[in-house]
Amino acid sequence: MYMPADFEVTDEALLHGLMERFGFATLVTVEDGRPLVSHLPLLLDRTAGEHGTLLGHMARANHQWESFAQSEALAIFQGEHGYVSPSWYETHPSVPTWNYLVIHAHGPARIVEGEGRTREILAALIARHERGFEAPWTMELPEPYLHSMVRGIVAFEMPLTRLEGKFKLSQNRPRRDQLRVIATLAASADPADQALAAAMRTVLGGEAE
C-alpha cells in the first residue's frame, strides 16, 4: 500500500480497535496468478499470535478457501471515509481529496479442521454481533439442522504477520484547514460525514473553531 509518512499508523491498539469496529472485511488471496476476493465478517482475537489472529468462515461452495495454501491472505478493513472539497480550506490553490481510514492485515489463512472448533468460531462471531441486544440469539438449533449448516461452511484462522494502517485525515494540511474540514463534515446532515469528523477529531485532536 502506498504509504506517505504523514498518514502511517503503527499503534497496534489503535489498529485493532478499528478492525473490531469495522469487522466486515475484504479477504484477498491469489490462485494461479489471479486474485480471489470475498467480503466476510471477521473476528479479531488480540491475544493469539504476534499481531492477533482473525477468525472467520465462508461457504464451502466459495472455492476461495482452496487457494489458502497457494498465497498469503490479505484482509482489508475500511473505516470512515468521505470527500473533502477545496472550498473548505483557507489555503489556496488546493484540489479535492478523499479522507479515509484503512488497514491491511497480512497473514496465512489456515483451514480449521474439526467441527468442534468450527462451532467455537461461529459461536464467538454470533456472540460478538448479538451483544447489546435485549434477547441475544444463540446457536440453540436442532442438532441435525446445525450439523448440516456447519458442513456447508469452511472456517479458518488467520494469524497476522503484518499490519499496515493508513489514516489519511488531512494531516498534511495546515491546522486551520484541518479544523475547517472537521467543522464542515460535523455540520453535514450525512451521518457518514459526521462520523468522519469524529474520527478526524480523535486522530488529530482539538475541536473545530
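This is a predicted model: local features need pLDDT of at least 70, side-chain atom pairs count only at pLDDT 80 or more; totals for chains, interfaces and linings use all residues.
Residues are numbered from 1 along each chain as its sequence is written, and side-chain values use heavy atoms, with hydrogens and water left out.

S7 and strand S10 (residues 162-168) pair in the antiparallel sense over 7 bridges, pairing being assigned if DSSP finds at least two bridges between two strands. Strand S6 (residues 73-84) also pairs with S7 in the antiparallel sense, over 10 bridges, and here tyrosine 83 stands opposite tryptophan 98 in S7. Because 8 of the 11 residues of S7 (residues 97-107) are buried, this strand is largely enclosed by the rest of the structure; buried means under 20% relative accessible area, exposed over 50%, and partly exposed in between (1.4 Å probe, protein chains only).

Arginine 128 is found in helix H2 and is partly exposed, with a relative accessible area of 23%. Leaving aside neighbours within four places in sequence, arginine 128 is in contact (heavy atoms within 4.5 Å) with Glu20 and Leu43. The C-alpha atoms of arginine 128 and glutamate 20 are separated by 9.6 Å, although these residues are 108 apart along the chain.

Tryptophan 137, in the loop between helix H2 (115-130) and helix H3 (143-151), counts as partly exposed at 41% relative accessibility.

Key:
Helices (H or I, at least four residues) and strands (E, at least two) are DSSP runs, numbered from the N terminus.
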